[in-house]
Amino acid sequence: MSALASSSSARRAFWMLLAAGSLVLAVALGAAHYMEEHGHAVTGMNNQVVWGLPHVFAIFLIVAASGALNVASVGSVFGETAYKPLAPLSVLTTVALLAGGLMVLVLDLGRPERLVVAATHYNFRSIFAWNMILYNGLFAICALYLWSLLERRMGALTGTVGLAAFAWRIILTTGTGSIFGFLVSRQAYASGVIAPLFIALSLAWGLAAFYLAQCGLARLAGQEAWDEALHARVRRLLGIFVIAALYFVVVHHMTNLYWAKQAAFERFILVSGTPYPALLWGGYVVLGTAVPLLLLFHPRLSGPRATAAASVLVSLGALAFLYVFIIGGQAWPLEIFPGYEASSSFHDGRVDGYSPSLPEFLLGLGGLAASFLIGLAGARALPILAPPKVAMPAAAPAK
Amino acid sequence: MNPVDKRRREFLGSAAGFAGAMIAPGVFLYDYANAGVSDGASRPRSPAEPASASVRWGMLIDTTKCASGCRECVDACNRENGLPGTTRSTDSQWIRKVDLKDLRTGKALSVPVMCQHCAEPPCVDVCPTGASFKRADGIVLVDRHTCIGCRYCMMACPYKARSFVHEPTTGQKPDVPRGKGCVESCTLCVHKVDRGGTPSCVEACSAAGHGAIVFGDLNDPQSEIAKRIREVATAQLRADLRTDNGVRYQGIPG
Amino acid sequence: MKAGFVRGALVAALLLAGSAAGPAALAAGPTLDPARSGPCVEDPKVMRRSHMDFLKHDRDDTVRRGIRGVKHSLSACVDCHASKADGRVLGSDRHFCQGCHAFAAVKLDCFDCHASTARTAPAATAAASVPGAAR
């Protein structure tokens, strides 16, 4: 029996959450249908800002997905046996987040009904096409990984599949980052550092998402979420990942600041371009990085509750970061005529406004809801959680 | 003639015939492949023939002749391609007039900007389905049958040349299908060019007496555009990206 | 009681009428405005079954390779099959494309993007729709 069905109150809570998630998802699908019927004119997107709020949510989910797999990797690849009991949930979280992110991405296409075209026509020079293969491959690897973790007779495969999953997720996040990194024409992107930046971000966001999933499910099952020793390690790991992500963000902006041709753009993102500097400094740097670090490392604050709060803040900071990165990056005009002041009917030489519409936001929320539902249903259907009423295995003993 | 000679002669005859049969198609194909190059001038193509790589269509825009405030090329494009011509931020603009002011000297310029029909188009590289493609004769197009509307090409284009169709469309021209959810851009009036015609913006500019745009085959040394490019200093937009544009500009520094 | 009987009889009559009219209507096919001129580019039986394959093949020739005046071009279909009244292939179930697709219950999305109005005046259609035949 699943830990989520161990008591009548757990069962009731499970179905309530399932219903709530389904409701959000249904509203999101309705919003997507509305946008599909009317065209993107009913979104805040336009010919300057072509990727909007749905992409903020989608990329958050996809990047966090690959990061969520790291908990399993730490156990299978790096031989930290204390993490092994967490591995199945880590893989499930990856699948859930990836599916939610891809759902948003697909439903935001101009012609979502042509998804089959994307599956039958590949342009192998396109990093986007490569990513479709990488995403689908990750699903396949995760399925195999989960099987090897949950089926005793498949256990011998865990090490190999775990290694494959680790390598695959690094390549996948490199691919996601390169969607932007390869955009030679845009000042906000066009940089090799974006791939490692995305990997660092994925480590932090994925672990935060995993932490919340573990807390939520354990609470639902009436279990202790964390063994104290393991919690201390996860907490420290999250802190290190958050710092690593900040490091790459700083490197990216420092590089730009060194180039005269990037000065105006950096000024826009860091100082003048409302609302982007406020979101970057207030949202990502303070709320999404500094406060979480305080919560994680301050001796008086640190504890499971503080870590959960830090995880929520890291996720919100992630959305703020991506809003600045994706939308701020597009709002800045292309410099087609260096040395000239340009103006036209097509927003040349002018910073473009973007205000997201409600349907876009609902679609983004729907991605979160889809991930939530897959995680919840998966944890109920599969023996992901520890058996009922048994505490997490102790951290120390190595085989 | 003795029998040996006769047999030898027969052998030689059939050998020659065989060799001829083997070589002739090769020669024929060689001629075919080099049509348009061998005589140094582009032979007009029949509309029933496929576009040939021996041709590279391009435009030269003389910014000294382009009048500020004139929108003849833009209006002609909208008429030809069935575009509404409205300029909200969600409306398609295949060609636009950009007003420029030199930041040091204050000199003002007005230039039309449209798809630059790059030889190395970033939009083609990034398109996941191959809907964004370059024809043999250098014209960059969107195949709307396979465009899924991901807008990655719009992210990649250095010239903001592409528009996304944000709303259901009406009033399409038979030669220019367009519909909601796909990306579109200047086609160099490919439906006219295939039938030996000239893009509408070029015609409108001439008709208005400016003659600021020359259209032609960059590969044909005898064409007006090739001659002009040999004679005057021309520039490509964002030449630093080495996209090798089919659209060239005269009168702005490269 | 009486009302019940009347209702029953009505239902029976409708069912009878339906069963009589159904096969006949199916055999007759949709009622469509006639084509403007001349024979089709293929045998109508072949066209009914395979027009989409022809169109798909030739559209790639036109879009990707720049071959104009292909034998199976959508605009040529429209030129020939447009209603004599309004020059269109859509609008009602008597219009050629819409009528047949409604009858066969097959989604028709060509005209989300393509023009559904003939290029030429009715009288001149014949000449305009044939030239692609030579290829």
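1. In this predicted model, helix α8 (residues 194-220) and helix α9 (residues 228-258) of chain A pack at an angle of about 150 degrees, with their axes 8 Å apart. Axes here are lines fitted to C-alpha atoms, for helices over the stretch in contact, and angles run from 0 to 180 degrees between N-to-C directions. α8(A) and α9(A) are therefore roughly antiparallel to each other, given that angles under 35 degrees count as roughly parallel, over 145 as roughly antiparallel, 65 to 115 as roughly perpendicular and the rest as oblique. Helices (H or I, at least four residues) and strands (E, at least two) are DSSP runs, numbered from the N terminus.

2. The crossing of α8(A) and α9(A) is left-handed, a term used if the near helix is turned anticlockwise from the far one by less than a right angle, with right-handed used if clockwise. Among the residues of α8(A) in this contact are L197(A), L201(A) and Y211(A), and those of α9(A) include L238(A), F241(A) and H252(A); two residues are in contact if their C-beta atoms, placed from the backbone, lie within 7 Å. The contact of α8(A) with α9(A) divides into 18 nonpolar residues, one polar and no charged, where Ala, Val, Leu, Ile, Met, Phe, Trp, Tyr, Cys and Pro count as nonpolar, Asp, Glu, Lys and Arg as charged, and the others, Gly among them, as polar.

3. By class, the residues of the contact of α2(A) with α4(A) are twelve nonpolar, six polar and no charged.

4. Between chains A and B, the contact takes 38 residues from chain A and 45 residues from chain B. On the side of chain A that touches chain B, α5 (115-120), α6 (127-150) and β1 (340-344) each supply at least two residues, and β1(A) gives the most, with five residues. That side of chain A has 17 nonpolar, 15 polar and six charged residues.

5. β1(A) pairs with strand β2 (residues 95-102) of chain B in the antiparallel sense over five bridges, pairing being assigned if DSSP finds at least two bridges between two strands. S344(A) stands opposite V98(B), and S343(A) stands opposite D99(B). A residue is buried if 20 or more other C-beta atoms lie within 10 Å of its own, exposed if 12 or fewer, and partly exposed in between, with C-beta atoms placed from the backbone.

6. Some backbone features deserve a look. The peptide bond from T274(A) to P275(A) is cis, with omega near 0 degrees, and P275(A) is placed in the loop between α10 (263-272) and α11 (276-297) of chain A. H117(B), although not a glycine, has a positive phi of about 45 degrees; H117(B) is buried, with 28 other C-beta atoms within 10 Å.

7. Residues are numbered from 1 along each chain as its sequence is written, and chains are lettered from A and ligands numbered from 1 in the order in which they are written. For this predicted model, local features need pLDDT of at least 70 and side-chain atom pairs count only at pLDDT 80 or more, while totals for chains, interfaces and linings use all residues.
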